[in-house]
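Welcome to this short briefing. Please take a look at the sequence and the model below, and then we can go through the contacts together.

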Amino acid sequence: MKLIQILIPIIFTMVIGCGGEQVNVAVNTPTIQCGMCQKTIEMGLKKVSGVTHSAVDLETKTTKVFFDKEKTDLSKIEKAISGLGYQANETLADPIAYERLPGCCKIGGMN
Ligand SMILES: [Cu+2]
């Protein structure tokens, strides 16, 4: 059994069971390069209050974020991603955070 088949029902149960109104957005994260970027964003978003889950798709370069809209909003999520060193929609990456990224995570780093 694939892990994803186990995870999806668990995520749904969490989302429905959590009381506050849960919504999800797909954030455009065009500067992500590799699996480490994925980890950085997913781990970083875990620390954002109100965010219940996030999933980075390296192929489409989008990040799906599930959150409680009473606790946070899209602009805070965009800022959090920017603070991790990545562009989020129209919000550019924080230059200091970007500089701290490993070489493979910088634009063109995989080439
Ligand atoms: Cu990376």
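Which side chain meets Glu21 in a salt bridge? In this predicted model, the partner of Glu21 is Lys69, at 3.7 Å from N to O. The notes below cover this pair, the other charged contacts and the metal site.

**Salt bridges**
- The count comes to three salt bridges.
- The Glu21–Lys69 pair links distant parts of the chain, 48 residues apart: Glu21 sits in the loop between helix H1 (3-17) and E1, and Lys69 in the loop between strand E3 (62-68) and helix H3 (74-83).
- Glu21 is partly exposed at 43% relative accessibility, and Lys69 is partly exposed at 45%.
- Lys71 and Asp68 form a salt bridge at 3.9 Å, N to O; Lys71 is exposed at 53% relative accessibility, whereas Asp68 is buried at 5%.
- Glu99, exposed with a relative accessible area of 53%, meets Lys106 in a salt bridge at 3.6 Å, N to O.

**Around the rings**
- Lys106 also lies over the face of Tyr98, at 5.9 Å from the ring centre.
- A search of the whole structure turns up zero aromatic pairs.

**Copper site**
- Cys34, Cys37 and Cys105 coordinate the copper ion through their SG atoms, at 2.1 to 2.2 Å.
- Along the chain, these donors follow the spacing C-x2-C-x67-C.
- Cys34 lies in the loop between strand E1 (22-28) and helix H2 (35-46) and Cys105 in the segment after helix H4 (95-100), so the pair ties together parts that are 71 residues apart in sequence.
- Cys34 is buried, with 9% relative accessible area, and Cys105 is buried at 1%.

How values were computed. Residues are numbered from 1 along each chain as its sequence is written. This is a predicted model: local features need pLDDT of at least 70, side-chain atom pairs count only at pLDDT 80 or more; totals for chains, interfaces and linings use all residues. Side-chain values use heavy atoms; hydrogens and water are left out. Rings of Phe, Tyr and Trp (its six-membered ring) pair if their centres lie within 6.5 Å; planes under 30 degrees apart count as stacked, over 60 as edge-to-face and the rest as tilted. A charge sits over a ring if NZ of Lys or CZ of Arg is within 6 Å of the ring centre and within 35 degrees of the ring normal. Donors are N, O and S atoms within 2.8 Å of the metal (3.2 Å for Na, K and Ca); water is not among the atoms, so sites may look incomplete. Helices (H or I, at least four residues) and strands (E, at least two) are DSSP runs, numbered from the N terminus. Buried means under 20% relative accessible area, exposed over 50%, partly exposed in between (1.4 Å probe, protein chains only). A salt bridge is a side-chain nitrogen of Lys or Arg within 4 Å of a carboxyl oxygen of Asp or Glu.
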